[in-house]
Amino acid sequence: MPDKEQPTLLVIDGHSLAFRAFYALPVDSFQTRDGQHTNAIHGFLAMFINLLKAEKPTHLAVAFDISRHSFRTREYADYKGTRGETPSEFVGQVPLLKECLHALGVTTLEKEDFEADDILATLASQGRAEGFRVLVVSGDRDTIQLVNDDVTLLYPSRQGVSDLTRYDVAKVHDRYGIRPEQYPEIAALVGETSDNLPGIPKVGEKTALKWLNQFGSLDAILEHRDEITGVVGNNLREYADNAIRNRKLNRLLTDVELPVGPADLERRPADEQQVREVFARLEFRTLLDRVLKLEGFGGDSEVGQAAAAAAAAAVQNAPTPVTLLDEELTGWFGRQGDSPVAVQVETIDGFPVGVGLGTSTETVFLPWIPNSPDYTPLESWLAGPSPKILFDAKKQIKALSAAGLPLGGLAFDPVIAAWLLKPDSSADRSLAQLVDRHLLETLPTPDPNQLVPETDTAFGPAEEAWYVWRVAEALTALLDERTQRVLTEIELPVLQVLARMELTGVTVSHSQLSALSTELGETAAGIATEAFGIIGREVNLGSPKQLQEVLFDQLDMPKTRATKTGYSTDAGALADLQATNPHPFLGLLLAHRDATKLRQIIESVDKAIAPDHRVHTTYVQTGSSTGRISSTDPNLQNIPVRTEESRRIRQAFQVGEGYETLLTADYSQIEMRIMAHLSGDSGLIDAFHSGEDLHRFVGARIFSVDPADVTPIMRTKVKAMSYGLAYGLSAFGLSKQLRIETAEAKQLMTDYFERFGGVRDYLRNVVVQAKVDGYTETIFGRRRPFANLNSANRVLRDNDERAALNAPIQGTAADIIKLAMIDIDADIAAGGLRSRMLLQVHDELVFDVAAGEWDALEAIVTTRMAGAASLSVPLDVQVGRGLDWDAAAH
DNA sequence: AGTGAGACGTA
DNA sequence: CGTACGTCTCACTT
């Protein structure tokens, strides 16, 4: 720490240090995306930050040369005349460096006709007189003359800029054997090639030093020049003018008239906004962090020190929350203006009991109890349009909703943003994880030993809000423009819709489900008994391990596809076995699987029926890598539909009490339509405009027959082919699925691509483009990165290639239905309808329709779904009506 | 109590 | 050797 009695003045030769940094750091490694070189700036600032940390100056300035011309060039035109052109990569970095310094609150000085070192000398001299400890940083050896008991020179080493050698009087004596003020006399005799100042020929440091020790000064040496013998004596007499000239030129001026004196150079706080702006422009991320963590931009006063310490502490610890009431709270909200505030709702059993608010510098905690007029300002602010950041907003919106509190102004959700940036469905996106990853800090955890949190617990929602705010800021900086639009125009609006859908739930008949479950249980038991009779023993039919014993040991069936733990007993493998080795056990096993699987699903749904007779699923908005929404607890997106039996499950999903009917609406063949649009394939586009059945139309083209002559078998093959395309289906996979020869599957694919070459070109191009970009993009700008498209590992690469093929198609479909949901929700609200959205199953929506609202709702739904995107093919929407989900299907 | 594998439901 | 999910059971580990 600096001596409080003696303030420290740090003065730097900006130009010489920047130039050293320029040569110390590789030019190519430091440039912005638009090509601005930044190595000199980066090197200088890195050194500068280290200096501030190490020396803790109370006052500081950076001096620059204005041009190459000064009083010295007027006196001696060849001064510094040997210096070549300034490298073009260096030009332009100095103004930017000055901009950085100004943002950091640092005074820069320059004066026509003088060099930076003259400014340093003047400030050093004045500073000493005013009682400062002075640190001079310069790459020019002439500044050695400035060193004295109060002035120290920090001179950069040969290899870099951050490594500074400290020259005090003792060090100068060590190095040169002289007092600092004698250095220019030595330099005058020796000369300075870099300044194009020739000295006395054959006189080097050693001779000069000898003379100086012998006669005491340059003047004395010159006085006694006739006494010196030999060649050097002759040279001295002949070139004495050189030494006289050099001494005149290398004398640094200590009386330059400056607009400020040392006392005016007290450290000022950085303008954080400006620092962020200019550092962002220069793409200095790590430097920004270092600058922001730097303490002591608060001046040298006691208050300044305290503020600096507080600022430094704030990097690690959240500000202590305050509790505000009435007009204080209203005032606080007013002061936030249009700046976003992080909101963290504290809940007990899902019901709000308090609200934490956070900004970058403040935290507020507000207890909340229902129906208290004290909290009216909070409630109206929550409902209003002021921008808010909510971590896992849907959960919080639901909690607030339980207390009857609406939320408006949702501007950001770090969980969603992190997912958009890295949409791996399995990633950990907890607050602790995001703090760790994006702030490089550790989120404090509440004391685990404290079972009942104190009212003034050290870490609560307000502190969390502060972290949320900062995580949001860090994530915002990472969002490109398109991703930002996906967030604000799709994800945040649909988040609100999903919250309402979850709160609404869907009516499910417990009695129907339990009856069905019982029935299926009996069926399964009967099948099991029969199966046991056939194999002569009881096994667990749900155990693949035991089934393997039965099939491959006891019944001696041929081995099926290998798995990690043995051989497959899945439906496909069993069907293969049935074809080659017919056995009644196989059919019974499959039937048993069907029955128990259905029963499982029924049980899980039945268990989830809430007291309101409705099932409230949770939609996981970040649950997929493509943009789709997933559904859990229970999963209502995989309710069986294909078999007659399974439709009885859907019959248990019924119109809500007080509503007239269910409405279902789904997109037909949306992914094929998106593929037609993205590929621009004229054949496929024609197919969708023809009004003909898609697979019949495509089949007619491929098999060269009339649409009317496309047989069901042909149609099945074409259908499998079409759907498989968007998944990266191979000929082998197609043959497997259709149970045809690989050669035939290959021929089918060849014929397909011959007629629909645009599709093949598109699919090929998606992968090529993704290899170049590293990500795919939907037509609305949703990106999905891929890491292994260029991997040497074929399995990884092929997997990524197929996923990359599919991502824009599946993702665009997800975007489209989300946009439709947002529009439909808005229209329902605007129209004052009571009807409500219940379910989303990727390409299908289900609604409760209020009495008398069918026509209005159907119009809204079909219009908004069909109009959610403008593609080169129409979006076809099928609507159905019925009292249960099965009946409403069409 | 938690985990991985296998199986299978949906779009 | 077809994308994207969630959930169940079994079999195993802690």
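First, the ground rules. This is a predicted model, in which local features need pLDDT of at least 70 and side-chain atom pairs count only at pLDDT 80 or more, while totals for chains, interfaces and linings use all residues. Residues are numbered from 1 along each chain as its sequence is written, chains are lettered from A and ligands numbered from 1 in the order in which they are written, and side-chain values use heavy atoms, with hydrogens and water left out.

Let's start with the sheet. Helices (H or I, at least four residues) and strands (E, at least two) are DSSP runs, numbered from the N terminus. Six strands make an open, mixed sheet in the order β3-β2-β1-β4-β5-β6; here two strands pair if DSSP finds at least two bridges between them. At the edges are β3 (107-109) and β6 (164-167), each pairing on one side only. On average, neighbouring strands are turned by 25° against each other, direction ignored. Inside the sheet, β4 (133-137) and β5 (151-156) run parallel and are joined by four bridges, and Leu 135 has Thr 152 in β5 as its bridge partner.

Which strands does helix α1 touch? Helix α1 (14-24) packs on the sheet against β1 (8-13), β2 (59-63), β4 and β5, at about 60° to β1. Contact means heavy atoms within 4.5 Å. Angles run from 0 to 180 degrees between N-to-C directions, and axes are lines fitted to C-alpha atoms, for helices over the stretch in contact. Helix α2 (39-55) lies across β1, β2, β4, β5 and β6, at about 165° to β1.

Between α1 and α2 there is a loop that holds Thr 38. Thr 38 counts as buried, because its relative accessibility is 2%; buried means under 20% relative accessible area, exposed over 50%, and partly exposed in between, with a 1.4 Å probe and protein chains only. Not counting residues up to four places away in sequence, Thr 38 touches Phe 30, Gln 31, Thr 32, Gln 93, Leu 282 and Phe 284.

Next, helix α15 (376-383), whose buried residues are Pro 377, Leu 378, Trp 381 and Leu 382. They sit on the same side of α15, because they cover an arc of only 130° around the axis, taken from the directions from the helix axis to the C-beta atoms. An α-helix has 3.6 residues a turn, so residues three or four places apart point the same way. Among the elements covering these buried residues are α14 (326-336), β9 (341-348) and α16 (393-402).

Now Ser 625, in the loop between β18 (618-620) and β19 (630-632). Is Ser 625 buried or exposed? With 18% relative accessibility, Ser 625 counts as buried. Its side chain reaches the backbone oxygen of Pro 423 at 3.0 Å.

Most residues other than glycine have a negative phi, and most peptide bonds are trans. Asp 633 and Pro 634, however, are joined by a cis peptide bond, with omega about -5°. Asp 556 is not a glycine, yet has a positive phi of about 60°. Asp 556 is in the loop between α22 (544-554) and β15 (562-563), and counts as exposed because its relative accessibility is 61%. His 613 has a positive phi too, of about 65°, in the loop between α24 (584-607) and β17 (614-615).

How values were computed: A polar contact is a pair of N or O atoms within 3.5 Å; within protein, one must be able to donate a hydrogen and the other to accept it, and residues adjacent in sequence count only if both atoms are side-chain atoms.
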